[in-house]
Amino acid sequence: MRNAYSVETVRAAERELMARLPEGALMARAAAGLAAVCAELLARRRGRVYGSRVVLLAGPGDNGGDALYAGARLARRGAAVTAVPMDPARIHPGGLAALRAAGGRVAESVPARADLVLDGLTGIGGRGGLRPAAAALAGRIPAGALVVAVDLPSGVDADTGEVAGPAVSADVTVTFGAYKPGLLIDPGASRAGAVRLVPIGLELPDRAELEALQHADVARLLPLPGASSDKYRRGVVGVVAGSEQYPGAAVLAVAGALRGGAGAVRYVGPAAEAVLARYPEVLVGRGRVQAWVVGPGLGSGRAAEVERALADRDVPVLVDADGLRGLDPEVVRARRAATLLTPHAGEAAALLGVAREEVEAGRLAAVRGLAGRYGAAVLLKGSTTLVASGGGGGGGVVRVNPTGTPWLATAGSGDVLSGLAGALLAGGLSGVDAGSVGAYLHGLAGRFAAGGPAGRGAPVVAQEVAAALPEAWRSVRG
């Protein structure tokens, strides 16, 4: 599990550690790790550190100090290091002295050329975008330079990933002690580039503000059949989806459920002919199920289908797409079994009564708000998919999905995800586990369908994503 912690939690852990260490030791650890990553990057780019041109954008706080001490280490290895302070009167004195002693220099303006620029302007304490002086320096970063953010790209909110004004876009972010939520949630995640964690000895609580599953976590959670399993014990998924206008949504949701490990799928809706033509093993009509998937391609005027599924309070239900329209929080909160809501940003905005832009800018607040309002697990789809549990009034666990590819932004992809997560619900997973495991596998399948682990190869369509789900399962299980 990759855990991310709030600024408050990280600062508290730093204070506890600094009380046990000699003065300056913690900053020295951070600077050493930062310099090592920078040296590695320069060696890859130029073949060596010696002779490289390094620019330090140095803010007035410890973030600027980290950059200066790291710059001193690079200068001792022969790099030409230039520090540009945001405020010369407030530059970190110890870091400045170390840089000068190592042969580095200070300039009033950003040089026109650089191989690597260290962003040490604000770090994790910054809020609300860059102030004019910092924004002016960031705007002068030389074209072609490799940008490395110190702990966090300046201008990104460390706790939420929100970007409320000008901000640095980094190629690499070197973060200290712990991941911060803003490094894993868009729009901040898109500014962070590749994230490298430098351990500095922090003792952090077991419960994090944000979690990201890894292969081992997903493998542990996957419901696998045993020797005594039959199709009913493996989980039967009921799929209420599709309409005359959107019959394909039913086919894709059923595909996700079948390839998501369901023992059997029951289909209810007007697209039975299309479903059976593709998947003759599907059962048509109502009957006993271990979970319902309601909503993909349902169309308007079928709210009764959603109400009927939710009325069975002891069976887990996943509600997606058209099923989310006008959803009553009290009905959902009255249920005993798991409920998983899977909106995209527009649907989440409608449920919250806010503008879509507000959801996209503050994804963490939106998913927590929905989970608290409905008392249900919520999977908020998007460039970084978030899954929140319904416990604690929206203050329960939140997970961010680390897999995926932009090629998954294609029609029908969400229908496949709904069927897949519904199968995991039927297999006995909780709402937050079904949502986060489903998103993880769906993201991997998207990568494989697009042409490899990086998922950058080629466009995909939803049926190809469904077809790649078995490969995603195999990759997780090793």
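Asp-217 is buried, with a relative accessible area of 10% (buried is under 20%, exposed over 50%, partly exposed in between, using a 1.4 Å probe and protein chains only). You'll find Asp-217 in helix H7, residues 215-221; helices here are DSSP runs of H or I with at least four residues, strands are E runs of at least two, and both are numbered from the N terminus. Before going on: this is a predicted model, where local features need pLDDT of at least 70, side-chain atom pairs count only at pLDDT 80 or more, and totals for chains, interfaces and linings use all residues. Residues are numbered from 1 along each chain as its sequence is written, and side-chain values use heavy atoms, with hydrogens and water left out.

So what does the side chain of Asp-217 reach at 2.9 Å? That would be the backbone nitrogen of Met-1. A polar atom of the Asp-217 side chain also lies 2.8 Å from the backbone nitrogen of Gln-214. For polar contacts, the rule is a pair of N or O atoms within 3.5 Å; within protein, one must be able to donate a hydrogen and the other to accept it, and residues adjacent in sequence count only if both atoms are side-chain atoms. Leaving aside residues up to four places away in sequence, Asp-217 touches Met-1 and Ala-212, where contact means heavy atoms within 4.5 Å.

Now for the sheet. It is open, has seven strands with parallel pairing, and runs in the order S4-S3-S2-S5-S6-S7-S8 (two strands pair if DSSP finds at least two bridges between them). Strand S4 (105-106) and strand S8 (194-198) sit at the edges with a single partner strand each, so one side of each has no neighbour in the sheet.

Strand S7 (residues 172-176) is joined to strand S6 (residues 146-150) by three bridges, and the two run parallel. Val-148 stands opposite Val-172 in S7, and Val-150 has Val-174 as its bridge partner there. Towards S8, S7 makes five bridges, again in parallel, with Thr-175 opposite Leu-197. In a regular strand the side chains alternate between the two faces of the sheet. In S7 both faces are covered: Val-172, Val-174 and Phe-176 are buried on one side, Thr-173 and Thr-175 on the other.

Over in S8, take a look at Val-195. This residue is partly exposed, at 23% relative accessible area. Val-195 touches Thr-173, Thr-175, Tyr-179 and Leu-183, not counting residues up to four places away in sequence. Gly-263 is 68 residues away from Val-195 along the chain, and their C-alpha atoms are separated by 39 Å.

The structure holds one cavity of 30 Å³ or more, and the largest cavity has a volume of about 40 Å³. On a 1 Å grid over the protein atoms alone, a cavity is a set of points where a 1.4 Å probe fits but cannot get out, while a pocket is an open set with protein on both sides within 12 Å along at least five of seven lines; lining residues have an atom within 4 Å of a point. Points are joined across faces, edges and corners, and volume is the space filled by probe spheres set on them. Among the residues lining the largest cavity are Leu-213, Arg-399 and Ser-436.

The second largest pocket has a volume of about 720 Å³. Of its 40 lining residues, Arg-11, Gly-61, Asp-62, Asn-63 and Asp-66 are the closest to its centre. Helix H3 gives the most to this lining, with five residues.
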